[in-house]
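Reader: I am new to this structure and would like a close look at its pockets. Could you walk me through them and the ligand?

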Amino acid sequence: VKRRTIIIASLTTLAVLGVIFIQLSWLDSMTRLRKDQIYDKVEAITGRVADELAASRNVSAASGIRPFALDVPYEDIHAFTAAQRFTSQEIYEKIRLQFLAQELDDVPFEFGLANLANNYFQRKSAKFNDWSLDSANYKQIVKYVRPPSGSETESLVGDEALVIVIPNLKNAAFRSLRPTFVLAGVLTIIIFAAFGFTLWTMWRQKKLGDIKNDFINNMTHEFKTPIATISLAVDALRNEKVQRDVSKLSYFSEIIKEENQRMNRQVETILKAALLDRQEIELNLKPLPAHQIIQDVADNFVLRLQEKGGALELNLKAEQDLIKADEVHFSNLVNNLMDNAVKYSKENVPPKICLATSSTDKNFTIRLEDNGIGMNRETVKRIFEKFYRAHTGNIHNVKGFGLGLSYVKSVVEAHDGHIKAESTLGKGSCFTIDLPLQKT
Ligand SMILES: Nc1ncnc2c1ncn2[C@@H]1O[C@H](COP(=O)(O)OP(=O)(O)OP(=O)(O)O)[C@@H](O)[C@H]1O
Ligand SMILES: [Mg+2]
(Lines give C-alpha, C1' and ligand atoms only; values in the text may rest on other atoms or scores of the structure.)
(Ligands and ions follow the chains in the order given, each with its own letter.)
Protein backbone atom coordinates (compact mmCIF):
# COMPACT_ATOMS: atom_id res chain seq x y z
CA VAL A 1 0.00 0.00 0.00
CA LYS A 2 2.80 2.37 0.92
CA ARG A 3 4.66 1.94 -2.33
CA ARG A 4 1.50 2.36 -4.35
CA THR A 5 0.77 5.60 -2.52
CA ILE A 6 4.22 6.91 -3.30
CA ILE A 7 3.91 5.92 -6.96
CA ILE A 8 0.52 7.56 -7.30
CA ALA A 9 1.71 10.68 -5.52
CA SER A 10 4.82 11.06 -7.66
CA LEU A 11 2.97 10.33 -10.89
CA THR A 12 0.38 12.95 -10.04
CA THR A 13 3.06 15.43 -9.07
CA LEU A 14 4.76 14.77 -12.39
CA ALA A 15 1.52 15.21 -14.28
CA VAL A 16 0.65 18.44 -12.49
CA LEU A 17 4.14 19.83 -13.09
CA GLY A 18 3.86 18.78 -16.73
CA VAL A 19 0.52 20.50 -17.13
CA ILE A 20 1.93 23.65 -15.57
CA PHE A 21 4.96 23.51 -17.83
CA ILE A 22 2.79 23.08 -20.92
CA GLN A 23 0.57 25.88 -19.77
CA LEU A 24 3.53 28.19 -19.29
CA SER A 25 5.02 27.46 -22.69
CA TRP A 26 1.60 27.81 -24.23
CA LEU A 27 1.11 31.18 -22.58
CA ASP A 28 4.59 32.16 -23.72
CA SER A 29 3.90 31.32 -27.35
CA MET A 30 0.54 33.00 -27.06
CA THR A 31 2.27 36.19 -25.92
CA ARG A 32 4.64 35.92 -28.85
CA LEU A 33 1.79 35.36 -31.29
CA ARG A 34 -0.08 38.28 -29.84
CA LYS A 35 3.05 40.38 -30.16
CA ASP A 36 3.37 39.52 -33.83
CA GLN A 37 -0.31 40.13 -34.31
CA ILE A 38 -0.14 43.57 -32.73
CA TYR A 39 2.92 44.36 -34.80
CA ASP A 40 1.19 43.30 -38.02
CA LYS A 41 -1.88 45.31 -37.22
CA VAL A 42 0.14 48.39 -36.37
CA GLU A 43 2.08 47.95 -39.56
CA ALA A 44 -1.15 47.90 -41.53
CA ILE A 45 -2.40 50.89 -39.60
CA THR A 46 0.78 52.83 -40.28
CA GLY A 47 0.48 52.05 -43.98
CA ARG A 48 -3.15 53.05 -44.03
CA VAL A 49 -2.62 56.32 -42.20
CA ALA A 50 0.39 57.08 -44.37
CA ASP A 51 -1.75 56.53 -47.47
CA GLU A 52 -4.47 58.68 -46.02
CA LEU A 53 -1.99 61.46 -45.34
CA ALA A 54 -0.57 61.07 -48.81
CA ALA A 55 -3.98 61.21 -50.42
CA SER A 56 -4.86 64.34 -48.56
CA ARG A 57 -2.05 66.15 -50.21
CA ASN A 58 -4.37 66.00 -53.14
CA VAL A 59 -7.45 67.10 -51.28
CA SER A 60 -8.40 69.72 -53.81
CA ALA A 61 -8.40 67.09 -56.49
CA ALA A 62 -10.87 65.09 -54.53
CA SER A 63 -13.22 68.04 -54.46
CA GLY A 64 -13.04 68.28 -58.20
CA ILE A 65 -10.89 71.37 -58.46
CA ARG A 66 -7.48 70.79 -59.89
CA PRO A 67 -5.22 72.68 -57.58
CA PHE A 68 -2.26 72.90 -59.78
CA ALA A 69 -2.76 73.67 -63.34
CA LEU A 70 0.47 74.03 -65.19
CA ASP A 71 0.52 77.67 -64.50
CA VAL A 72 0.46 77.27 -60.77
CA PRO A 73 3.89 78.01 -59.41
CA TYR A 74 5.73 75.25 -57.54
CA GLU A 75 5.79 77.20 -54.33
CA ASP A 76 2.03 76.68 -53.93
CA ILE A 77 2.30 72.95 -54.31
CA HIS A 78 4.69 72.81 -51.35
CA ALA A 79 1.79 73.90 -49.20
CA PHE A 80 0.35 70.43 -49.59
CA THR A 81 2.77 68.34 -47.54
CA ALA A 82 0.97 66.36 -44.88
CA ALA A 83 2.86 68.13 -42.16
CA GLN A 84 1.54 71.39 -43.36
CA ARG A 85 -1.99 70.14 -43.80
CA PHE A 86 -2.44 68.53 -40.42
CA THR A 87 -1.64 69.39 -36.85
CA SER A 88 -0.09 66.78 -34.58
CA GLN A 89 -3.42 66.42 -32.82
CA GLU A 90 -5.22 65.62 -36.06
CA ILE A 91 -2.69 62.99 -37.04
CA TYR A 92 -2.87 61.54 -33.59
CA GLU A 93 -6.65 61.27 -33.90
CA LYS A 94 -6.40 59.52 -37.26
CA ILE A 95 -4.06 56.92 -35.81
CA ARG A 96 -6.11 56.50 -32.70
CA LEU A 97 -9.25 55.84 -34.73
CA GLN A 98 -7.43 53.10 -36.60
CA PHE A 99 -6.19 51.60 -33.36
CA LEU A 100 -9.75 51.56 -32.04
CA ALA A 101 -11.00 49.95 -35.25
CA GLN A 102 -8.41 47.20 -34.82
CA GLU A 103 -9.35 46.71 -31.18
CA LEU A 104 -5.97 47.87 -29.98
CA ASP A 105 -7.47 50.38 -27.56
CA ASP A 106 -5.12 49.43 -24.76
CA VAL A 107 -1.96 49.53 -26.87
CA PRO A 108 -0.11 52.81 -26.33
CA PHE A 109 1.68 54.41 -29.25
CA GLU A 110 3.67 57.47 -30.28
CA PHE A 111 4.11 58.84 -33.75
CA GLY A 112 6.26 61.20 -35.71
CA LEU A 113 6.03 62.61 -39.20
CA ALA A 114 9.42 63.33 -40.75
CA ASN A 115 10.34 65.34 -43.72
CA LEU A 116 12.82 63.22 -45.58
CA ALA A 117 14.48 66.19 -47.17
CA ASN A 118 15.96 67.27 -43.88
CA ASN A 119 15.11 64.32 -41.62
CA TYR A 120 13.29 66.65 -39.28
CA PHE A 121 10.16 65.53 -37.47
CA GLN A 122 7.71 68.31 -38.12
CA ARG A 123 4.80 66.63 -36.42
CA LYS A 124 5.03 64.27 -33.47
CA SER A 125 3.27 63.16 -30.32
CA ALA A 126 4.34 64.30 -26.88
CA LYS A 127 6.62 61.48 -25.91
CA PHE A 128 7.77 60.57 -29.37
CA ASN A 129 11.36 61.50 -28.64
CA ASP A 130 11.61 58.93 -25.86
CA TRP A 131 11.79 56.02 -28.23
CA SER A 132 15.11 57.09 -29.64
CA LEU A 133 16.50 56.88 -26.12
CA ASP A 134 15.23 53.36 -25.57
CA SER A 135 15.38 51.65 -28.90
CA ALA A 136 15.66 48.28 -27.18
CA ASN A 137 12.04 48.22 -26.03
CA TYR A 138 10.38 50.49 -28.55
CA LYS A 139 9.19 48.89 -31.74
CA GLN A 140 9.13 51.25 -34.66
CA ILE A 141 7.31 51.05 -37.96
CA VAL A 142 8.15 53.42 -40.78
CA LYS A 143 5.98 54.04 -43.85
CA TYR A 144 6.54 56.57 -46.58
CA VAL A 145 3.86 59.13 -47.14
CA ARG A 146 3.80 59.12 -50.89
CA PRO A 147 1.07 59.85 -53.33
CA PRO A 148 0.14 56.77 -55.34
CA SER A 149 2.48 56.42 -58.28
CA GLY A 150 1.08 57.89 -61.46
CA SER A 151 -1.04 60.52 -59.68
CA GLU A 152 -0.48 64.10 -60.51
CA THR A 153 1.10 65.04 -57.24
CA GLU A 154 3.73 62.36 -57.49
CA SER A 155 7.17 63.78 -56.88
CA LEU A 156 5.79 67.26 -56.76
CA VAL A 157 6.40 67.58 -53.04
CA GLY A 158 9.23 66.29 -50.90
CA ASP A 159 8.76 62.80 -49.47
CA GLU A 160 7.64 62.38 -45.91
CA ALA A 161 7.69 59.37 -43.61
CA LEU A 162 5.25 58.40 -40.89
CA VAL A 163 6.81 56.63 -37.91
CA ILE A 164 4.67 54.87 -35.34
CA VAL A 165 6.38 53.45 -32.29
CA ILE A 166 4.94 51.14 -29.69
CA PRO A 167 6.63 51.43 -26.32
CA ASN A 168 7.26 47.97 -24.95
CA LEU A 169 5.39 45.75 -27.34
CA LYS A 170 5.89 42.74 -25.09
CA ASN A 171 4.11 44.46 -22.23
CA ALA A 172 1.29 45.48 -24.51
CA ALA A 173 0.87 41.92 -25.71
CA PHE A 174 1.03 40.69 -22.13
CA ARG A 175 -1.55 43.19 -20.98
CA SER A 176 -4.07 42.18 -23.60
CA LEU A 177 -3.68 38.56 -22.48
CA ARG A 178 -3.92 39.33 -18.81
CA PRO A 179 -7.40 37.85 -18.25
CA THR A 180 -6.17 34.58 -19.73
CA PHE A 181 -3.11 34.62 -17.51
CA VAL A 182 -5.14 35.33 -14.41
CA LEU A 183 -7.56 32.52 -15.22
CA ALA A 184 -4.72 30.10 -15.91
CA GLY A 185 -3.08 31.12 -12.62
CA VAL A 186 -6.26 30.67 -10.62
CA LEU A 187 -6.94 27.27 -12.19
CA THR A 188 -3.39 26.18 -11.46
CA ILE A 189 -3.72 27.25 -7.86
CA ILE A 190 -6.98 25.32 -7.58
CA ILE A 191 -5.34 22.23 -9.05
CA PHE A 192 -2.46 22.55 -6.62
CA ALA A 193 -4.74 23.04 -3.66
CA ALA A 194 -6.89 20.07 -4.61
CA PHE A 195 -3.80 17.98 -5.19
CA GLY A 196 -2.31 18.99 -1.86
CA PHE A 197 -5.56 18.22 -0.12
CA THR A 198 -5.68 14.81 -1.77
CA LEU A 199 -2.14 14.02 -0.65
CA TRP A 200 -2.92 15.18 2.84
CA THR A 201 -6.05 13.02 2.96
CA MET A 202 -4.10 10.06 1.69
CA TRP A 203 -1.41 10.60 4.30
CA ARG A 204 -3.99 10.88 7.03
CA GLN A 205 -5.85 7.85 5.84
CA LYS A 206 -2.64 5.90 5.90
CA LYS A 207 -1.85 7.04 9.39
CA LEU A 208 -5.31 6.05 10.56
CA GLY A 209 -4.94 2.70 8.86
CA ASP A 210 -1.62 2.05 10.57
CA ILE A 211 -2.99 2.97 13.94
CA LYS A 212 -6.02 0.79 13.46
CA ASN A 213 -3.86 -2.17 12.57
CA ASP A 214 -1.70 -1.59 15.63
CA PHE A 215 -4.79 -1.34 17.56
CA ILE A 216 -6.46 -4.52 16.49
CA ASN A 217 -3.25 -6.42 17.12
CA ASN A 218 -2.90 -4.97 20.59
CA MET A 219 -6.54 -5.44 21.41
CA THR A 220 -6.85 -9.09 20.51
CA HIS A 221 -3.82 -9.72 22.64
CA GLU A 222 -5.05 -7.57 25.50
CA PHE A 223 -8.45 -9.20 25.51
CA LYS A 224 -7.14 -12.72 25.44
CA THR A 225 -5.28 -12.28 28.73
CA PRO A 226 -8.23 -11.17 30.88
CA ILE A 227 -10.55 -13.67 29.22
CA ALA A 228 -8.14 -16.50 29.97
CA THR A 229 -7.60 -15.28 33.53
CA ILE A 230 -11.30 -14.95 34.22
CA SER A 231 -11.90 -18.39 32.81
CA LEU A 232 -9.24 -19.84 35.13
CA ALA A 233 -10.67 -17.98 38.12
CA VAL A 234 -14.16 -19.22 37.37
CA ASP A 235 -12.86 -22.79 37.10
CA ALA A 236 -11.22 -22.35 40.46
CA LEU A 237 -14.44 -21.01 41.96
CA ARG A 238 -16.25 -24.12 40.83
CA ASN A 239 -13.89 -26.19 42.91
CA GLU A 240 -15.65 -27.28 46.12
CA LYS A 241 -12.53 -26.84 48.24
CA VAL A 242 -12.27 -23.28 47.13
CA GLN A 243 -15.95 -22.66 47.72
CA ARG A 244 -15.54 -23.63 51.36
CA ASP A 245 -12.57 -21.27 51.85
CA VAL A 246 -13.87 -17.69 52.19
CA SER A 247 -10.48 -16.03 51.72
CA LYS A 248 -9.92 -17.94 48.49
CA LEU A 249 -13.39 -17.00 47.31
CA SER A 250 -12.70 -13.33 47.75
CA TYR A 251 -9.24 -13.74 46.22
CA PHE A 252 -10.62 -15.21 42.98
CA SER A 253 -13.57 -12.85 42.77
CA GLU A 254 -11.12 -9.98 43.21
CA ILE A 255 -9.17 -11.29 40.23
CA ILE A 256 -12.33 -11.44 38.16
CA LYS A 257 -13.26 -7.92 39.16
CA GLU A 258 -9.80 -6.62 38.21
CA GLU A 259 -9.75 -8.34 34.86
CA ASN A 260 -13.21 -7.05 34.24
CA GLN A 261 -12.03 -3.50 34.83
CA ARG A 262 -9.13 -4.10 32.51
CA MET A 263 -11.53 -5.14 29.76
CA ASN A 264 -13.57 -2.06 30.45
CA ARG A 265 -10.54 0.09 29.78
CA GLN A 266 -9.96 -1.86 26.61
CA VAL A 267 -13.49 -1.16 25.44
CA GLU A 268 -12.92 2.48 26.08
CA THR A 269 -9.82 2.47 23.92
CA ILE A 270 -11.77 0.76 21.18
CA LEU A 271 -14.38 3.47 21.39
CA LYS A 272 -11.68 6.06 20.99
CA ALA A 273 -10.43 4.26 17.91
CA ALA A 274 -13.89 3.91 16.46
CA LEU A 275 -14.10 7.66 16.64
CA LEU A 276 -11.29 7.91 14.09
CA ASP A 277 -13.64 7.38 11.21
CA ARG A 278 -16.86 8.83 12.41
CA GLN A 279 -17.03 12.50 13.16
CA GLU A 280 -20.13 12.27 15.25
CA ILE A 281 -20.73 10.23 18.33
CA GLU A 282 -24.02 8.46 18.71
CA LEU A 283 -25.25 9.19 22.16
CA ASN A 284 -27.64 7.29 24.30
CA LEU A 285 -28.76 10.20 26.47
CA LYS A 286 -30.28 9.50 29.88
CA PRO A 287 -30.53 11.34 33.16
CA LEU A 288 -27.28 10.38 34.81
CA PRO A 289 -26.14 10.88 38.41
CA ALA A 290 -22.76 12.37 37.60
CA HIS A 291 -21.33 12.12 41.11
CA GLN A 292 -21.91 8.42 41.25
CA ILE A 293 -20.19 7.82 37.92
CA ILE A 294 -17.28 10.02 38.90
CA GLN A 295 -16.98 8.14 42.18
CA ASP A 296 -16.93 4.81 40.34
CA VAL A 297 -14.26 5.94 37.92
CA ALA A 298 -12.21 7.48 40.70
CA ASP A 299 -12.25 4.23 42.65
CA ASN A 300 -10.42 2.55 39.80
CA PHE A 301 -7.57 5.01 40.10
CA VAL A 302 -7.05 4.83 43.81
CA LEU A 303 -4.78 1.80 43.54
CA ARG A 304 -2.68 3.28 40.75
CA LEU A 305 -2.26 6.48 42.71
CA GLN A 306 -1.32 4.69 45.89
CA GLU A 307 1.41 2.83 43.99
CA LYS A 308 2.96 6.17 43.19
CA GLY A 309 2.44 7.48 46.68
CA GLY A 310 -0.11 10.00 45.48
CA ALA A 311 -3.61 10.90 46.50
CA LEU A 312 -6.93 11.80 44.97
CA GLU A 313 -9.08 14.46 46.53
CA LEU A 314 -12.76 14.41 45.59
CA ASN A 315 -14.78 17.55 46.17
CA LEU A 316 -18.16 16.59 44.80
CA LYS A 317 -19.90 19.75 45.93
CA ALA A 318 -22.35 20.35 43.11
CA GLU A 319 -25.92 20.70 44.35
CA GLN A 320 -27.36 19.32 41.16
CA ASP A 321 -25.59 16.37 39.61
CA LEU A 322 -28.26 14.91 37.36
CA ILE A 323 -26.90 15.48 33.87
CA LYS A 324 -28.27 14.48 30.53
CA ALA A 325 -25.54 12.25 29.24
CA ASP A 326 -24.47 8.96 27.76
CA GLU A 327 -23.26 6.74 30.56
CA VAL A 328 -20.49 4.93 28.67
CA HIS A 329 -19.06 8.02 27.04
CA PHE A 330 -19.31 10.11 30.17
CA SER A 331 -17.45 7.63 32.30
CA ASN A 332 -14.85 7.27 29.54
CA LEU A 333 -14.46 11.01 29.53
CA VAL A 334 -13.73 11.17 33.24
CA ASN A 335 -11.54 8.14 32.89
CA ASN A 336 -9.45 9.74 30.16
CA LEU A 337 -8.86 12.90 32.14
CA MET A 338 -7.94 10.96 35.26
CA ASP A 339 -5.70 8.71 33.22
CA ASN A 340 -3.81 11.69 31.83
CA ALA A 341 -3.51 13.27 35.27
CA VAL A 342 -1.88 10.10 36.58
CA LYS A 343 0.15 9.39 33.45
CA TYR A 344 1.68 12.83 33.13
CA SER A 345 2.71 13.20 36.75
CA LYS A 346 6.21 14.20 37.77
CA GLU A 347 8.55 11.35 38.41
CA ASN A 348 9.79 12.22 41.88
CA VAL A 349 6.77 14.06 43.18
CA PRO A 350 3.77 12.13 44.52
CA PRO A 351 0.83 12.91 42.23
CA LYS A 352 -1.92 14.91 43.83
CA ILE A 353 -5.15 15.09 41.89
CA CYS A 354 -8.10 17.19 42.85
CA LEU A 355 -11.50 16.65 41.28
CA ALA A 356 -14.15 19.19 42.17
CA THR A 357 -17.70 19.65 40.89
CA SER A 358 -20.06 22.58 41.06
CA SER A 359 -23.36 23.46 39.46
CA THR A 360 -25.35 26.45 38.33
CA ASP A 361 -28.98 26.58 37.20
CA LYS A 362 -28.15 25.06 33.88
CA ASN A 363 -24.68 23.63 34.04
CA PHE A 364 -22.71 21.01 35.82
CA THR A 365 -19.00 21.75 36.07
CA ILE A 366 -16.13 19.36 36.63
CA ARG A 367 -12.70 20.71 37.51
CA LEU A 368 -9.76 18.34 37.46
CA GLU A 369 -6.45 19.66 38.72
CA ASP A 370 -3.13 17.88 38.89
CA ASN A 371 0.39 18.75 40.00
CA GLY A 372 1.98 16.95 37.06
CA ILE A 373 4.53 17.95 34.48
CA GLY A 374 2.24 20.55 32.90
CA MET A 375 2.46 21.88 29.37
CA ASN A 376 3.64 25.00 27.64
CA ARG A 377 1.24 27.28 25.86
CA GLU A 378 1.77 25.82 22.39
CA THR A 379 1.05 22.32 23.66
CA VAL A 380 -2.12 23.38 25.44
CA LYS A 381 -3.39 24.80 22.17
CA ARG A 382 -2.97 21.49 20.37
CA ILE A 383 -3.80 18.76 22.88
CA PHE A 384 -7.33 18.34 21.52
CA GLU A 385 -6.04 17.47 18.06
CA LYS A 386 -6.10 13.84 17.05
CA PHE A 387 -2.73 12.12 17.48
CA TYR A 388 -1.14 15.11 19.12
CA ARG A 389 1.34 14.26 21.83
CA ALA A 390 3.78 16.66 23.45
CA HIS A 391 7.38 16.01 22.50
CA THR A 392 9.18 17.59 25.37
CA GLY A 393 11.07 15.98 28.19
CA ASN A 394 10.72 12.35 29.03
CA ILE A 395 7.07 12.07 28.05
CA HIS A 396 7.78 9.41 25.54
CA ASN A 397 8.27 6.66 28.02
CA VAL A 398 4.55 7.13 28.57
CA LYS A 399 2.44 5.26 26.06
CA GLY A 400 -0.53 6.66 24.23
CA PHE A 401 -2.08 7.33 20.87
CA GLY A 402 -2.77 11.00 21.38
CA LEU A 403 -6.46 10.28 21.00
CA GLY A 404 -7.70 10.63 24.55
CA LEU A 405 -8.33 14.34 24.64
CA SER A 406 -9.67 14.55 21.09
CA TYR A 407 -12.17 11.91 22.17
CA VAL A 408 -12.98 13.85 25.33
CA LYS A 409 -13.56 17.00 23.35
CA SER A 410 -15.85 15.22 20.87
CA VAL A 411 -17.84 13.71 23.70
CA VAL A 412 -18.16 17.04 25.51
CA GLU A 413 -19.27 18.78 22.34
CA ALA A 414 -21.73 16.03 21.48
CA HIS A 415 -23.28 16.77 24.88
CA ASP A 416 -23.43 20.50 24.07
CA GLY A 417 -20.81 21.15 26.69
CA HIS A 418 -17.52 23.04 26.85
CA ILE A 419 -14.03 22.01 27.79
CA LYS A 420 -11.15 24.25 28.76
CA ALA A 421 -7.54 23.39 29.47
CA GLU A 422 -5.08 25.47 31.45
CA SER A 423 -1.57 24.47 32.28
CA THR A 424 1.79 25.70 33.42
CA LEU A 425 4.88 23.81 32.41
CA GLY A 426 6.40 22.18 35.48
CA LYS A 427 3.51 23.11 37.75
CA GLY A 428 0.47 21.17 36.66
CA SER A 429 -2.67 21.24 34.58
CA CYS A 430 -6.33 21.96 35.08
CA PHE A 431 -9.22 20.80 32.90
CA THR A 432 -12.66 22.33 33.26
CA ILE A 433 -15.76 20.80 31.71
CA ASP A 434 -19.26 22.24 31.58
CA LEU A 435 -22.18 19.97 30.79
CA PRO A 436 -25.88 20.85 30.68
CA LEU A 437 -27.95 19.58 33.57
CA GLN A 438 -30.97 17.38 32.96
CA LYS A 439 -33.98 19.70 32.77
CA THR A 440 -36.50 18.97 35.46
N1 LIG B 1 -2.79 16.27 32.68
C2 LIG B 1 -1.82 16.47 31.76
N3 LIG B 1 -0.61 16.97 32.12
C4 LIG B 1 0.35 17.18 31.21
N5 LIG B 1 0.21 16.90 29.89
C6 LIG B 1 -0.95 16.41 29.47
C7 LIG B 1 -2.03 16.16 30.37
N8 LIG B 1 -3.06 15.67 29.66
C9 LIG B 1 -2.66 15.62 28.37
N10 LIG B 1 -1.38 16.04 28.25
C11 LIG B 1 -0.64 16.15 27.00
O12 LIG B 1 -1.55 16.10 25.93
C13 LIG B 1 -1.24 15.06 25.04
C14 LIG B 1 -2.50 14.49 24.45
O15 LIG B 1 -3.23 13.78 25.43
P16 LIG B 1 -4.22 12.63 25.02
O17 LIG B 1 -4.93 12.14 26.21
O18 LIG B 1 -5.04 13.16 23.89
O19 LIG B 1 -3.28 11.52 24.40
P20 LIG B 1 -2.35 10.48 25.14
O21 LIG B 1 -2.62 10.49 26.61
O22 LIG B 1 -0.95 10.77 24.73
O23 LIG B 1 -2.81 9.10 24.50
P24 LIG B 1 -4.19 8.33 24.76
O25 LIG B 1 -4.83 8.26 23.41
O26 LIG B 1 -3.79 7.00 25.27
O27 LIG B 1 -4.97 9.11 25.74
C28 LIG B 1 -0.45 14.09 25.84
O29 LIG B 1 0.41 13.34 25.04
C30 LIG B 1 0.32 15.00 26.79
O31 LIG B 1 1.46 15.48 26.14
MG1 LIG C 1 -4.63 10.33 27.34
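Author: Happy to, and a definition comes first: on a 1 Å grid over the protein atoms alone, a pocket is an open set of points where a 1.4 Å probe fits, with protein on both sides within 12 Å along at least five of seven lines, and its lining residues have an atom within 4 Å of a point. This is a predicted model, in which local features need pLDDT of at least 70 and side-chain atom pairs count only at pLDDT 80 or more, while totals for chains, interfaces and linings use all residues. Residues are numbered from 1 along each chain as its sequence is written, chains are lettered from A and ligands numbered from 1 in the order in which they are written, and side-chain values use heavy atoms, without hydrogens and water.

Let us begin with the second largest pocket. Its lining has 20 residues, and nearest its centre lie Asn-264, Val-297, Asn-300, Ser-331 and Asn-335. Helix 10, helix 11 (290-307) and helix 12 each give two or more residues to this lining; helices here are DSSP runs of H or I with at least four residues, and strands are runs of E with at least two, numbered from the N terminus. Helix 10 has the largest share, eight residues. The volume is about 490 Å³, meaning the space filled by probe spheres set on the grid points, which are joined across faces, edges and corners.

Now for the largest pocket, which holds about 1,100 Å³ of space. Among its 39 lining residues, Asp-339, Lys-343, Lys-399, Gly-400 and Phe-401 lie nearest the centre. Helix 10 (246-274) again supplies the largest share of the lining, here six residues.

Ligand 1 sits in this largest pocket, since more than half of its atoms lie within 2 Å of the pocket's grid points. Around ligand 1 are 20 residues, the closest being Asn-340, Tyr-344, Arg-389, Leu-403 and Leu-405; to count as near, a residue needs a heavy atom within 4 Å. A polar side-chain atom of Arg-389 lies 2.5 Å from an oxygen atom of ligand 1. Gly-402 has a backbone N or O atom 3.0 Å from a ligand 1 oxygen, and Gly-404 likewise has a backbone N or O atom 3.0 Å from an oxygen of ligand 1. The protein covers 98% of the 600 Å² of accessible area that ligand 1 has on its own, by the Shrake-Rupley method with a 1.4 Å probe. Helix 12 (327-343), helix 14 (404-414) and strand 11 (428-436) each give two or more residues to this shell.

Definitions and conventions: Polar contact = N/O pair within 3.5 Å; in protein donor to acceptor, adjacent residues only side chain to side chain.
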